[in-house]
Amino acid sequence: MATIKKIKVLVTKVGLDGHDRGAKVVSSLLKEAGMEVIYLGMFQRPESIVKAAIDEDVDVIGLSYLSGEHLIFTPKVVEEMRKNNVDDVLLIAGGTFPAEDIPAMEEMGIDKVFRAGSLTESIVDYINDHVEE
Amino acid sequence: MKKKLSTGEMVSRLLAGDRRAAARLITLVENEMDDHHEVMSLVYPYTGKAMILGITGAGGAGKSTLTDHLIGKFREQGKKVGVVVVDPSSPFSGGAFLGDRIRLQSHSQDDGVYIRSMASRGYLGGLSRATYDVIRIMEAMGNEVVIVETLGAGQDEVDVIHIAHTCLVVVTPGMGDDIQAMKAGIMEIADIIVLNKADLDGTDRSLRHLQGALTAGSFEEGAWMPRVVPTVSTANKPEDLQGIDELAATIAEHQTYLRKTRAIDRVRYDRVEQELGLIFKDELQKIIFKGLKGTGKKREYINSIIEQKNDPYSVVEEVLNTYLLPWE
């Protein structure tokens with residue numbers, strides 16, 4: 001039977017950061033790359049994000065940060081994923097970060113960090129290469 | 001790496017209400033994976049009891065916001081609620097931007113609510129065949145109400161009537177006069193017409209037009225007369241919301257009508273008939289294309305049509321005579 005697998009990505013922002021332009025731009029690019037984007041918007045709690053990721057059976061969670069809250073909220077999202085045994089979802093983050101924070105974010109459990117200015121193809125290729133069939 | 005559980009194991013977890021099992025099974029059905037049919041055969045005996053509520057209407061009319069309020073009403077009654085929200089797939093990339101969940105957040109912490117976004121994946125009627133199966137999976141999960149919210153591209157989004165027991169069409173003021181409302185199609189499928197944003201200019205006029213159009217139709221004795229319910233589903237203060245209680249009450253009234261008059265039997269019969277038709281269509285197409293595969297015939301037929309040596313109807317007739325004749 002013809003299987004029609006589509007990559008599903010949950011795009012969202014955690015905490016009180018009210019800048020959603022980046023998340024919307026990346027969502028559009030992923031849509032144009034043939035992915036199904038579930039856009040959860042701003043002001044999300046880690047619990048809501050992980051619950052939505054489970055319900056929607058997504059392959060990827062994409063967190064957008066533009067207000068310097070990445071070191072505060074990343075561990076909370078990772079912890080919530082661990083608590084719910086969500087161990088088969090790719091966790092990526094995008095936005096503005098000091099370069100020196102990236103190792104810390106990866107240490108916390110982000111699979112890949114894309115800083116502002118990353119090429120679209122680099123995000124799309126990374127997801128395509130790392131989502132397992 | 002996605003964990004591999006056996007199909008049977010996943011279905012028994014689903015029946016116990018496990019949301020992750022539900023999520024995986026829905027993906028399996030959506031992607032038409034190999035064990036899709038087996039899953040549905042296992043799930044089928046546990047379906048048929050939920051109330052299925054369809055919500056359609058043009059983009060921006062307020063379907064998701066109303067859905068969010070209605071979820072709250074059903075939760076007050078202690079009912080578990082499943083929600084399927086369908087948004088369009090891009091005809092160019094095949095991708096989709098599914099943005100309804102953003103308006104369905106009042107219940108994001110409630111374990112009695114399961115929400116799933118679906119891309120239409122190229123079906124024009126607004127609902128893909130997989131939607132039937134997704135609803136069944138939600139029923140088997142133990143949801144007593146399943147809400148199906150579908151993209152309303154406009155006049156011809158009538159698929160939802162084949163799936164829902166009670167059908168809501170959401171409109172807003174200023175969407176046209178009674179002539180628009182009298183046209184065949186979307187307005188005809190409504191059991192309840194929701195005139196949302198009823199705090200905007202033109203509400204009274206729209207209300208008159210809608211009611212005028214409804215009363216211009218003929219109804220059998222004892223049949224359901226579609227109602228118009230004005231609502232305001234977005235407000236800064238909760239006390240400024242309007243019509244939500246009335247809407248919930250009208251839905252309950254329609255449900256009572258369906259049960260009391262046994263009209264529900266007709267709805268169920270139509271639904272199965274429609275579904276069988278869709279499955280036959282898909283499966284026959286698969287059989288035929290599979291039969292042509294490797295013979296070079298498909299390309300030959302298509303080219304002969306492009307070169308105008310042949311037409312699609314003659315080709316279909318020829319192929320059907322070749323492949324289905326023994327059955328006649």
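1. Chain A has 133 residues, for which a compact globule would have a radius of gyration near 14 Å; the value for chain A is 14 Å, so the two agree. This is a predicted model, and the figures below should be read as computed from it. Along the principal axes, the C-alpha atoms of chain A fill a box of roughly 45 × 35 × 25 Å.

2. Of the contacts in chain A between residues at least 6 apart in sequence, 73% join residues at least 24 apart.

3. Chain A contains 5 helices and 5 strands. In sequence order they give the pattern β-α-β-α-β-α-β-α-β-α.

4. The interface with chain B comes next. Contacts link 29 residues of chain A with 31 residues of chain B. On the chain A side, helix 1 (21–32), strand 2 (36–44) and helix 2 (46–56) each supply at least two residues. Helix 2 of chain A gives the largest share of that side, 7 residues. By residue class, the side of chain A that touches chain B holds 12 nonpolar, 6 polar and 11 charged residues.

5. Which strand of chain B pairs with strand 2 of chain A? The partner is strand 3 (residues 96–98) of chain B, and the pairing is parallel, over 3 bridges. Within strand 3 of chain B, B:Leu98 is the bridge partner of A:Ile38.

Note on methods. Residues are numbered from 1 along each chain as its sequence is written. Chains are lettered from A and ligands numbered from 1 in the order in which they are written. This is a predicted model: local features need pLDDT of at least 70, side-chain atom pairs count only at pLDDT 80 or more; totals for chains, interfaces and linings use all residues. Two residues are in contact if their C-beta atoms, placed from the backbone, lie within 7 Å. Helices (H or I, at least four residues) and strands (E, at least two) are DSSP runs, numbered from the N terminus. Ala, Val, Leu, Ile, Met, Phe, Trp, Tyr, Cys and Pro count as nonpolar, Asp, Glu, Lys and Arg as charged, and the others, Gly among them, as polar. Two strands pair if DSSP finds at least two bridges between them. The radius of gyration is taken over C-alpha atoms; the globule rule is 2.2 Å times the number of residues to the power 0.38.
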